Amino acid sequence: MDLQNQQRVKDAADKFGAENLVVILGSSDAEGAEIYAETVTNGDPTFAGPLAGVPLGLAVYDIFEQEIREEADASIWEEQISMMEMVLDTEALAKAVKGVREQYGKYTL
Amino acid sequence: MAHVAIRGYSYCLNHTPELGLHYGNTPYTELTSHGETEFLKGLAGNLQSYGEACCYPPNQVFIGGMELDDLAVHPSPMYRNRLKEGPRFGKFGEIMPENEFLGLMDICDVFDLIWLEEGFASDVSAALAKHHLFSDRIMARLEKGHPLPEIDEEISRHGALPLYFHGKIAGCCRKGHDIDESLSAHVLLENLASKAGSVLALLHLLESTGLSPSDIDYVIECSEEAAGDMNQRGGGNFAKAIAEIAGCVNASGFDVRSFCAGPVNAMIAGATQVASGARPNVVVLAGGAVPKLFMNSRDHIKKEMPPLEDCLGNFAVLLDPDDGSCPVMRVDALGKHSVGAGSSPQAITSALVLEPLQKIGLSFADVDKFAAELQIPEITVPAGAGDVPTSNYKMIAALAVMKGQLKKEEMPAFVEQKGIPGFAHTQGHIPSGVPFIGHACEAIREGRYGRVMIIGKGSLFLARLTNLSDGASFLIEPGAGPGLRGEITKDDVREAILEVLMDLSKGLTG
């Protein structure tokens, strides 16, 4: 996760409280999704950005996880997301983010 | 509507691991933020040699030394399955070693910004003198060099940045102004490297097309650097500066910017000028991006693989009127990602792929190959960005399924048939569709492809001015020559009238 986005997440957690923040990922790659999820839960694993050593434990979800899918308007989902469902390994993405959340997350929906 | 010939193309790489080690953004920010870390030591200790870079299969594909079909079946990881031989020159261009590239940067410097150490300058002069594209006029621009103490002083006391070769100081890049950040040594180094890469690609293009520099009418440059000063940070104009060095005395030019979508937008800008008759020919070109060297190297080092992002990419394409002898770029079916199109992948894919095809009554099946973002997958996958080219083909296939033009179970076959493997360095604008133009035109000439689509996409949101992205696309087809494409010319009308009059005359005379 780039340094600016790490700062934005940190600022939002400071302003609204980590317990009130949900991060929804739309990564195309399970390994990348794991890194992003780890960054907002356990801290930046590369130790390069503002979240290095900052374990926010945020509630982080992949957009293809059931909890998020159920929150989405079906017609918007069809218009914006449905094509990518055919392209991406949605199960692997959801599993990757859920695994990191369960390991490092302090909050859930 | 007139179509525009793609008369020639060139593709070069500049193997610049030491520019990358010191001035690539990832290692540079690591050094300035955290000092000499284990990552930086690992990077410095694992740089690829020039020979290794030449034997890396994607690099050979880029310069036309290897066919795409051969790359598609090459065993991976390719960095462990290098070619036995890696020639410097391919049919599209070359892989230039770093010492010669530093010499070329000096040749391209008209403000005495690059100083080379005198011994290094002498060695480089001898090496470049053997290069078949470096004329006496160009070689005369190479400086004799400065004593090392002068260079050391320029670095230690006047803010110049050291240039390295084999770990030793080979010269420096001086700043252009005391307080203007747009003219800092760092910015000027990036700009001169980009300019030098473009000049190299232009020299190869002139050679392959058999044109004289004075034949070039117009140059459009489309890299991602900004040339200017503090009053106009992106004032330009790289294009004219490049044309000047190459000796294109009759040319003018301008720059086009749109992040990674720049090259496709520049191709469209050039083609429409030719199609309208405004210009007899246009060269579209770009040099590479020093900041992107070793962009993903942190992950490469962590995963104990060689840091592969050690090459700057350059290209040049010559456009002129269609005479039937060259593949053509269609200007009547251009993909455009409009402001209101939406930013979801399906909205972007619809705008860039489906809509231009629909406009001329074609379907997905009518395109033999699609080329969008052509990054080398084994560079991006370890960094968590996935196989970018394959993701693009899957998106196009998925859209074809949604539009009822493909069955879902046919998606894997569609991806394999209509995609090409990634073979371009992560140089932003360089991998964005345009590296395929050369291979595509060769295949069209040989009758292997009937139609290909080139797609460029750009992340405009990185500039913090808009959340939008950009995109553009065009089709390449076999050339047919003027008047042979269904358009009605004056001659056609004259002939038809004569035919009718003759028939009428025969009828009247019985």
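Reader: At roughly what angle do the axes of α15 and α17 of chain B cross?

Author: This is a predicted model: local features need pLDDT of at least 70, side-chain atom pairs count only at pLDDT 80 or more, and totals for chains, interfaces and linings use all residues. Residues are numbered from 1 along each chain as its sequence is written, and chains are lettered from A and ligands numbered from 1 in the order in which they are written. Helices (H or I, at least four residues) and strands (E, at least two) are DSSP runs, numbered from the N terminus. Axes are lines fitted to C-alpha atoms, for helices over the stretch in contact, with angles from 0 to 180 degrees between N-to-C directions. For α15(B), residues 345-359, and α17(B), residues 388-402, the axes come within 10 Å and cross at roughly 85 degrees.

Reader: Which residues of α17(B) meet α15(B)?

Author: Contact means C-beta atoms, placed from the backbone, within 7 Å. From α15(B) come Pro345(B), Gln346(B), Thr349(B), Ser350(B), Val353(B) and Leu354(B). They meet Met395(B), Ile396(B) and Leu399(B).

Reader: Which helix supplies the largest share of the side of chain B that touches chain A?

Author: Here 16 residues of chain B are in contact with 11 residues of chain A. Both α15 and α17 of chain B supply at least two residues each. The largest share, seven residues, comes from α17(B).

Reader: Which residue of β9(B) stands opposite Ser10(B)?

Author: Strands pair if DSSP finds at least two bridges between them. β1(B), residues 4-15, and β9(B), residues 311-321, pair in the antiparallel sense over 11 bridges. Opposite Ser10(B) stands Ala316(B).

Note on methods. Two residues are in contact if their C-beta atoms, placed from the backbone, lie within 7 Å.
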